[in-house]
Structures are given as structure tokens and as C-alpha cells.
Amino acid sequence: MKQTYKIAEKNIEIDSLFPEIHAFCSDYVTNQIADFSVKISEQDIVFEREKSVRESIVEGLEIINYPDSYLETLAVYRKIADKMLSYETMLFHGSAIAVDGQAYLFTAKSGTGKSTHTRLWREVFGDRAVMVNDDKPLLKVTDSGVTVFGTPWNGKHRLGKNNSAPLKAICILERGETNEISIISTSDALPKLIQQMYRSQDHSLLSKSLELISKLVHQIPIYNLYCNISYDAVNTAYNGMK
Amino acid sequence: MKLNHNFIVHNTGDETLLVPTAEAPFHGLIQGNKTLEFILNCLQEDITEEEIISAISAEFRGNADEIREDVEKTVSELRRIGALDE
């Protein structure tokens, strides 16, 4: 099954084993000629299953027997993420929301509360706020700035749109009793951002990701936010970064 | 021993980072100073712990016991995260 999708300005043909990936990506369909193609094999599904089991064991989580069609969505994005590095574009783990057309990207370990925090932003800002992507946006890093792109891989609540916005700031979120935001140095920020970027299996592609994240950190201010679940947390974050 | 191919060394200017690819069993990050950078450079080729200690002693001035302790500690950490082929 083949279909082409426009994601982060590139036309990508997905050649899949199962139909589900095409429903998953349906908001991104294009009729344009593909810039590149990703083809999934049975071996890719096996790889994703083994990786999922390995990570569950390491993290002490229950091993879930995911359907092959779900594992294929992971395999597709892994291949796209590798290819997009040639276009100065990288996958990053975080929840991105745009307010007045400028994107703020919240990143943290899973379970910290990124999605909860951006939900509060939507409640506070109403129509001024648009979700770009709640889980795995793509970031295009150029000499004149960074753009965040929505992708179909937008988290378990499928929050996000086929849209993009210039990145204003990245915020590393941590839980706190009170709300406090501070800018952090590039040398403090870089290791934290590396932990949240997509890491390829391929040595040279990982080097490319490191080059892009190093370039990003010199252009975009990075903040540390300690916050609770409240509208005051939103005001603290927004006023600290705007 | 030698640095495993699933790890890459990234220098930021201020410090040295050892970053695992998705293939590595370790998912964290190792950060360090010039000594780590030097040790990781040594480990691009097959080398023994004693040879690393000798190389560092020739490169940096410092207390011999402290250099030995630094190298042993770093090598032990690299071994723990699976970054060494031995």
C-alpha cells in the first residue's frame, strides 16, 4: 500500500504492509511527487517489537504485545526521522503549542506533565493558542531560526495539526510546588536536549542530529520551568519566555 | 579495549559528551571535561588502561595517583554502560 504525504515541507511516500498507517497520516495526504520514499518490511516490525520489549524490561514496565500495524507506525517514523536529517530537520520529543503564531516547545521525561501544561495554555489563551504537536514534532533548523512542524505522530490524544510555526523558545519542564522559570546556559541546556531528541541507530545520522541540536541551542533560548498544575504556571511560563 | 561503535563523542567546546546511538543498551549521557575527552580519544584505538594512564601522565601535569584514580573511575563507568569492547 502506497500513498504520499507532505510532512515538514517534504513529500514522503509511505509504502506499508498494513492500511492503518494511511488512516493515521490522512490529514497530510498530497498528490505531489515524492521527495523520498520509506518502505516497511517484516524485519522492521520485528525490530520495533524487540526494541519495545527491551525498553519495557529496562524501565521495569509491563511488556505489551502491540499489534503489528501499530509497530509499523513507529517503524515508518523512525525511517522518516532518519531521512529528514538530510533536510536539516530533526524529530524532537515534546509538546509544542503556538500562541499568537509563535511556538513554545515543552520537553521533559514522559509522565512529567508536558501535555497537562499545554492543555492549561489552551484554556488560558483560548483562540490565540493552536496545538502544533503534543508529542513528536519535527524541527527544521536553519541559520535564520527554527520552525516547528506538526506531524501525524502527535501523542495518545492526537493533539496537533498539519501546521507549523517559528520556534520562540524551548522549556524544560519539571514538577514544582511553586512556579518559577529561568533561562539556562547553552552548556547546561545541550545535554538535557540531547536526551529528548531522536537518536538514530546510525553513527553518522546521530552525528548530524548532534550538529543540528548544537546549532539550535545557539539560536533559541532554553528555559527551565518548575511548575504545578495551575493557570499561574501558564502565566509564569509565558511571561518568562515572551 | 576500545570504544564501542554504538557511542559517539561530541565536543561542545566547554565539555565532552558521550552519546549512545539507539542501538546502545545505555540511554543516558556521559558528560565530562578534558580528561574524559582525552580518554575517549585514546579509546578510538585498541588500548589498555595502563597505556591510557601513561598517555595522560605524559600530556597533563598532575599527581600520579590522582591520574590513575581518574582513569580507573572513568574506565569503570564506561564499562558499566557498555561503552567498551574488550
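This is a predicted model: local features need pLDDT of at least 70, side-chain atom pairs count only at pLDDT 80 or more; totals for chains, interfaces and linings use all residues.

Reader: At what angle do helix α1 and helix α2 of chain B pack, and how far apart are their axes?

Author: Happy to. As for labels, residues are numbered from 1 along each chain as its sequence is written, while chains are lettered from A and ligands numbered from 1 in the order in which they are written.

Now to your pair. Helix α1 (residues 34–42) of chain B packs against helix α2 (residues 49–59) of chain B at an angle of about 130°, and their axes are 10 Å apart. Here axes are lines fitted to C-alpha atoms, for helices over the stretch in contact, and angles run from 0 to 180 degrees between N-to-C directions. The helices (H or I, at least four residues) and strands (E, at least two) are DSSP runs, numbered from the N terminus. That angle makes α1(B) oblique to α2(B); under 35 degrees would count as roughly parallel, over 145 as roughly antiparallel, 65 to 115 as roughly perpendicular, and the rest is oblique.

Who touches whom? From α1(B) come Thr35(B), Phe38(B), Ile39(B) and Cys42(B), and they meet Ile52(B), Ala55(B), Ile56(B) and Glu59(B) in α2(B). Two residues are in contact if their C-beta atoms, placed from the backbone, lie within 7 Å. Sorted by class, the contact of α1(B) with α2(B) has six nonpolar, one polar and one charged residues. In that scheme Ala, Val, Leu, Ile, Met, Phe, Trp, Tyr, Cys and Pro are nonpolar, Asp, Glu, Lys and Arg are charged, and the others, Gly among them, are polar.

Follow the chain on and α2(B) has another partner. Together with helix α3 (residues 64–80) of chain B, α2(B) packs at an angle of about 135°, with the axes 10 Å apart. α2(B) and α3(B) are therefore oblique to each other, and their crossing is right-handed. On the α2(B) side the contact uses Glu49(B), Ile52(B), Ile53(B), Ile56(B) and Ser57(B), while α3(B) brings Ala64(B), Ile67(B), Arg68(B), Val71(B) and Val75(B). Those residues divide into seven nonpolar, one polar and two charged. Ile52(B) and Ile56(B) turn up in the contact with α1(B) and again in the one with α3(B).

How far can you trust this part? Chain B averages a pLDDT of 91, and 100% of the residues score at least 70; pLDDT is the predictor's confidence in each residue, from 0 to 100. Within chain B, strand β4 (residues 30–32) has the lowest confidence, at a mean of 91, and strand β1 (residues 2–3) the highest, at 96. For the complex, the predictor gives an ipTM of 0.82 and a pTM of 0.91.

Chain B also has a neighbour. The contact between the chains takes 13 residues from chain B and 14 residues from chain A. Strands β2 (7–11) and β3 (16–20) of chain B each supply at least two residues of the side that touches chain A. By class, that side of chain B has five nonpolar, five polar and three charged residues.

Definitions and conventions. A crossing is left-handed if the near helix is turned anticlockwise from the far one by less than a right angle, and right-handed if clockwise.
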